[in-house]
Amino acid sequence: MSNAFAVAVGEAAAATLPRLPGAGVAWLDAARRAHLAAFLRDGLPAARNEAWKYTSLRALEQRALALGDADAAARAVDAQALALPGVNGPRMVFVNGAFRADLSYIDDLPEGLELQPLASVLARDAESLRGVFGATATDAFDRLNATLAGDGVLLRVATGARIAAPVHLVYLGAPAVADLAWHARAVIELGADAELAVVEQHGGAGPHAHLGTLVSDIRLQHGAHLQWNVLQEADTGATLIRRSAFRLAADAVVTLHALELGGALVRHAITAALEGDRACFVSRGVFAPGGRQHLETRLDIRHRRRDTASDALWRGVADGRGRGVLHGAITIEAGADGAAAQLGNKNLLLSAHAEIDTQPVLEIHADEVKASHGATVGQLDERALFYLRSRGLPLEQARALLTSAFCRVALDGLDNAPLREHLAARLAQHLPRLAGDVEA
Amino acid sequence: MTREALRAEPEATNADVLSAALERRYSAGFVTDIETDSLPPGLDEDVIRAISARKGEPAWMTDWRLAAYRHWLTMTPPNWAKLDIAPIDFQSISYYAAPRQGPKSLAEVDPKLLETYEKLGVPLHERARLAGVAVDAVFDSVSVGTTFRKELAEAGVIFGSMSEAIREHPELVRQYLGSVVPAGDNYFAALNSAVFSDGSFVFIPRGVRCPMELSTYFRINALNTGQFERTLIIAEDDSQVSYLEGCTAPMRDENQLHAAVVELVALARASIKYSTVQNWYPGDENGVGGIYNFVTKRGDCRGDDSKISWTQVETGSAITWKYPSCVLRGDRSSGEFHSVALTHHRQQADTGTKMIHIGRDTKSKIISKGISAGRGQNSYRGLVKVERSAAGARNYTQCDSLLIGKRCGAHTFPYIEVKNPTAIVEHEASTSKISDDQLFYCRSRGISEEDAVSMIVDGFCRQVFRELPMEFAVEAKKLLEVSLEGAVG
C-alpha cells in the first residue's frame with residue numbers, strides 16, 4: 001500500500017508496537033504483527049468492496065495521521081458536562097483513546113463488578129485476553145484496532161450479579177497539535193444470569209478531525225441481561241469507526257438503543273451472534289445525518305440456535321447534504337428452528353441533496369422460522385403538517401414535532417426514564433439544526 | 001409418475017410419494033439427433049470472425065463483436081452473487097452450432113425438429129394459428145422458422161431473427177444494438193456481444209399496436225454449445241407489444257452456459273410487456289448437469305409515459321443469475337417486475353431486478369415470489385435507485401419467500417438508494433414456510449398434502465401468474481406443480 005494513510009500507519013506502528021501495553025508477550029506480539037501485515041497488505045477497503053460500497057474512504061487514504069496523543073492526559077475536558085441524567089454508576093473516560101483516571105470513577109465498585117483500564121490488564125495479565133486479541137480481525141479497521149489499541153475497557157460481571165447503576169463509558173476526541181488516530185478496545189463479559197446496563201457515549205472536547213476506532217467485544221453467558229445505550233455526538237469533524245460484537249449464550253438478552261447524531265464520517269457495525277437457545281437481541285436506533293455527515297449503521301444478526309429472537313427498529317432522518325446508511329442483515333442458520341426475526345427501517349428524506357441508502361437483508365437456511373423486514377423512504381405527511389399548521393404551529397415547529405415523533409418510537413422501549421428523556425431531548429435539539437448545517 | 005397415477009393409488013404414503021417424485025425424470029429431457037454444423041470448441045478473434053462470416057455480417061458488426069471480445073478479455077468473472085459456481089472453461093465451449101440445412105419455410109423444417117417442438121407443446125404451424133401466436137423458434141443458435149410474418153408485416157411490425165435484422169434492417173440494429181446493454185456492461189454481456197449467434201428482433205413502428213402476442217421458444221440442443229442469443233425489441237412512440245419467451249433444454253450431464261442479452265427500448269407512450277417461462281434442465285437431484293442461465297435483461301423507458309413490464313417464471317436451470325431491469329428515463333414512465341423463482345434439489349437462483357428512476361413522477365412495482373425446496377438456494381437481489389432528478393418517484397416492492405424443507409435457503413438482498421426527498425419507496429419482505437394451520441385445514445377437508453401444497457403455492461404465486469398471458473399462465477402453473485413434486489414429506 002502506498003497511500004499516505006497506510007504509510008503513516010506502517011511508520012507509526014514500527015515505533016509504537018514495542019511500547020504498547022502487553023509488548024513482549026510472544027503470542028500478543030505475533031498477533032499484532034500479523035494484523036499489521038494483513039492491514040499493510042490489503043490497505044483500506046476499496047469502493048468495490050461490497051461492505052464498503054456506501055462508505056468512501058478516499059479522503060481518509062490521503063491523510064497521514066499521527067498515532068495516539070502523548071498529551072492526552074493534559075487535554076482540557078469539562079467533567080461536569082459528561083454527566084447524564086439517570087446514569088450515576090461507575091464511569092470511565094477516554095480522551096483521544098487514552099484513559100483519564102482524573103475524569104473517571106472506578107473505585108468503590110459494587111460487588112460482582114470488575115472495571116478497569118485495559119492497558120493495565122494487558123501489562124499484568126495479557127493471557128486472560130488471549131481470546132480477544134488472538135482472534136482474527138474482520139476488516140481493515142478491525143486489523144488496525146487489533147494492532148494498535150493499547151487501552152480501553154475491561155468490564156466483567158460475576159455470575160448472578162445484578163448491577164443496578166449503569167456503567168458509563170465515555171470516548172472523547174480533543175483537539176491536539178495535529179489530527180491523529182486513536183484506537184480503543186472494550187472487553188465486556190457478563191456471567192450467567194448477570195444484569196448490567198451500559199451507556200456508551202461519544203463526544204468532542206473541541207473541534208478536531210481525528211480518526212477513532214473502537215472495537216467492543218461483548219459476551220453474555222446464559223441468562224444474562226444487558227442494556228446497551230449509545231449516545232454518539234462526536235465532533236462534526238471526526239471520523240469514527242466502531243464495531244460492537246455481541247455474543248449471546250442461551251436465554252441471554254441484549255437490548256440496544258442507539259442515537260447516532262455526531263461525527264463527519266461515522267460507521268457502526270453491530271454484530272450479534274445468538275449462540276444459545278432462546279437468546280434475544282433487540283436493537284432500536286436513530287441516525288440523523290445533516291450537513292455533510294455520513295452516518296452508517298450495519299447490523300449483522302446471526303441466529304444460530306433454536307427459538308432465538310431478534311427485533312430491530314431503526315429510524316433515519318437525512319437533511320442538508322447528509323447521507324444515512326442502514327445495512328440490516330439477518331441470517332438464520334440451518335438448525336435454528338423456531339427463530340423469529342424482524343427488522344423495520346423507516347427513513348425521512350428532508351432535503352434535495354440528502355441521501356438514504358437502506359439495505360435490509362435476509363438469509364434463511366431453516367424452515368421453521370418467521371422472518372420479515374420492511375424499509376421505507378419518504379417524507380413528512382403533508383396532511384399532518386397541514387393539520388398542525390391549521391392549529392397555529394409555524395411550519396418549522398410542525399416539521400420538528402413530526403420528525404421527532406417519527407424518531408421517538410425508537411427510544412420508547414428504553415427503561416431508564418431520565419436517560420430516555422435526555423436522549424429524546426438531545427435528538428429534538430439536533431433535528432432542527434440538521435438543515436442549517438449545510439451552510440456551515 | 002404422473003399426478004393422476006398418484007391419485008389412483010390411495011394407499012400411497014408420503015414416503016412413496018416422495019420417492020416416486022424424486023425419481024421423476026426431466027420430462028423435456030430428450031435429444032434430437034440431427035446433424036449440426038458447429039465450430040470447434042474455443043474462443044479467439046478467429047472464432048468471432050468465423051461466426052460473423054458464416055452469418056454474412058457486414059464489417060461494422062464484425063468490428064463491434066471484436067471490440068466486445070477485446071474488452072471481455074480485460075474483465076474478470078463477477079463473484080458477488082450468492083451462488084456456488086464451478087469454474088467455467090470458456091475455451092471448452094463451442095460458440096456456434098447451426099442446423100446443417102437451412103430451411104426456407106416451415107415445410108422444409110426438419111421433421112425431427114418439429115417433433116421436438118411438438119413434445120414441448122410449442123404452438124408452431126397450424127397449432128400456432130389456433131393459439132394465435134407467432135413463433136420465431138430458435139433451435140440452438142439459428143432461427144429456423146417464422147410464422148405469421150405476413151400478417152405482422154401488414155401491420156408494419158418487424159419480427160424475425162437477429163441475423164436477418166442485421167442483413168435487412170442494419171440501420172435499426174446499428175442505432176439500437178448495445179444502446180441499453182453496452183457491449184462492456186458486464187462480463188457475460190461482453191461475452192454475448194462478442195459471440196452472439198442469433199436471437200429475436202422486434203420493431204413496432206409508431207402508433208402500432210402489435211396484432212398478436214409474439215413468442216419465441218429457445219432450445220439448447222447440441223452438447224456443449226453455449227447459447228448466446230441477443231434479443232432487441234424496439235417500440236416506437238405510441239406502440240404496444242407483448243412478447244413471450246419460453247425456454248427448455250434436453251437432459252445433459254455437463255453444465256451448459258447460457259449467456260443471453262435482451263434489450264428493450266420503449267419510446268414515448270410505448271408499452272412493452274416481456275414474459276418468460278424458463279424451464280431449462282435444472283440438473284439432477286445431486287446437482288449434476290443443468291444449465292447456467294446468466295442473462296442480462298434490461299429495458300429502457302426512453303420516452304415519456306412509456307412502460308416496460310417484466311414477468312418471469314423461473315423453474316429451471318441449475319443456476320439462474322439475472323436481473324431484468326428498467327431504466328425509467330422518461331417522465332411518468334413506469335416499470336414493473338413480477339417474478340416467481342423456484343429452486344429445488346440443488347438449484348440456485350440469484351435473481352431480482354433493478355429500477356433506476358431518473359425521470360419525474362416515475363413509478364415502479366416489484367413483486368417477487370421465491371420458493372425454495374430440497375437443497376435449493378433462492379436469492380432475491382434488487383436495486384431501487386431514485387436519482388436526484390426523479391421528483392415524485394414511487395416504488396413499491398414486495399418479496400416473499402416460501403420454504404419447503406429443512407435444507408433449503410431463501411435470501412433477500414434489496415438495495416434502496418434514494419436521493420430525492422419527494423420520492424416514496426417502500427420495501428417489504430417476509431420468509432416463512434407453509435403454515436401448518438393451512439395444511440391442516442386443507443387436509444381436514446380431504447385434500448391430500450401434495451394437492452394442498454400445490455394449492456397454497458399457487459395462491460402464493462397468484463399475483464405473478466395473473467400478469468402472464470393465459471396460455472403461459474397455464475404452463476407456468478403446471479411447471480410449478482411438476483417442479484415441486486417430491487418437495488413435501
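Trainee: What is the mean pLDDT of chain A, and what share of its residues reach 70 or more?

Mentor: The mean for chain A is 93, and 98% of its residues reach 70 or more. Over residues 436-440 of chain A, however, the pLDDT is below 50, and this stretch has seven contacts beyond near neighbours in sequence.

Trainee: And what are the corresponding values for chain B?

Mentor: Chain B has a mean pLDDT of 81, with 76% of its residues at 70 or more. Residues 1-15 of chain B fall below 50, with eight contacts in the model beyond near neighbours in sequence. Residues 124-133 of chain B also stay under 50, and there the model has 20 contacts beyond four places in sequence. Where pLDDT is low, the predicted coordinates should not be read in detail.

Trainee: What share of chain A counts as buried?

Mentor: Of its 440 residues, 52% count as buried. As for contacts in chain A between residues at least 6 apart in sequence, 85% join residues at least 24 apart.

Trainee: How do those two figures read for chain B?

Mentor: Chain B has 489 residues, of which 56% are buried. Among its contacts with a separation of 6 or more, 83% are between residues 24 or more positions apart. Its secondary structure consists of 13 helices and 24 strands.

Trainee: Take a single residue. Why is Phe287(A) called buried?

Mentor: The cut-off is 20 or more other C-beta atoms within 10 Å. Phe287(A) has 30 C-beta neighbours inside 10 Å, so it counts as buried. Phe287(A) lies in strand 14 of chain A, residues 280-287.

Trainee: Which residues does Phe287(A) contact, leaving aside neighbours within four places in sequence?

Mentor: They are Glu260(A), Leu295(A), Thr297(A), Gly316(A) and Gly324(A).

Trainee: What makes helix 6 of chain A "mostly covered"?

Mentor: The count: nine of the nine residues in helix 6, residues 140-148, are buried. Charged residues among them include Asp142(A) and Arg143(A).

Trainee: How does the length of helix 8 of chain A compare with the expected value?

Mentor: Helix 8, residues 395-408, has 14 residues and reaches 20 Å from first to last C-alpha, close to the 20 Å expected at 1.5 Å a residue. Its buried residues are Ala398(A), Arg399(A), Thr403(A), Ser404(A) and Cys407(A). They pack against strands 14, 16 and 18 and helices 7 and 9 of chain A.

Trainee: How do you know which strands pair with strand 5 of chain A?

Mentor: Pairing needs at least two bridges. Strand 4 and strand 5 of chain A have five bridges and pair in the antiparallel sense, with Leu115(A) opposite Leu155(A). Strand 5 and strand 7 of chain A have seven and pair in the parallel sense; there, Leu154(A) has Val187(A) as its bridge partner. Strand 5 is mostly covered, with six of its seven residues buried.

Trainee: Which strands pair across the two chains, and in what sense?

Mentor: Strand 19 of chain A and strand 23 of chain B run antiparallel and are joined by six bridges. The cut-off is two, so the term "pair" applies. Ile364(A) stands opposite Ala410(B) in strand 23 of chain B.

Terms used. Residues are numbered from 1 along each chain as its sequence is written. Chains are lettered from A and ligands numbered from 1 in the order in which they are written. This is a predicted model: local features need pLDDT of at least 70, side-chain atom pairs count only at pLDDT 80 or more; totals for chains, interfaces and linings use all residues. Helices (H or I, at least four residues) and strands (E, at least two) are DSSP runs, numbered from the N terminus. A residue is buried if 20 or more other C-beta atoms lie within 10 Å of its own, exposed if 12 or fewer, and partly exposed in between; C-beta atoms are placed from the backbone. The expected span of a helix is 1.5 Å times one less than its number of residues. pLDDT is the predictor's confidence in each residue, from 0 to 100.
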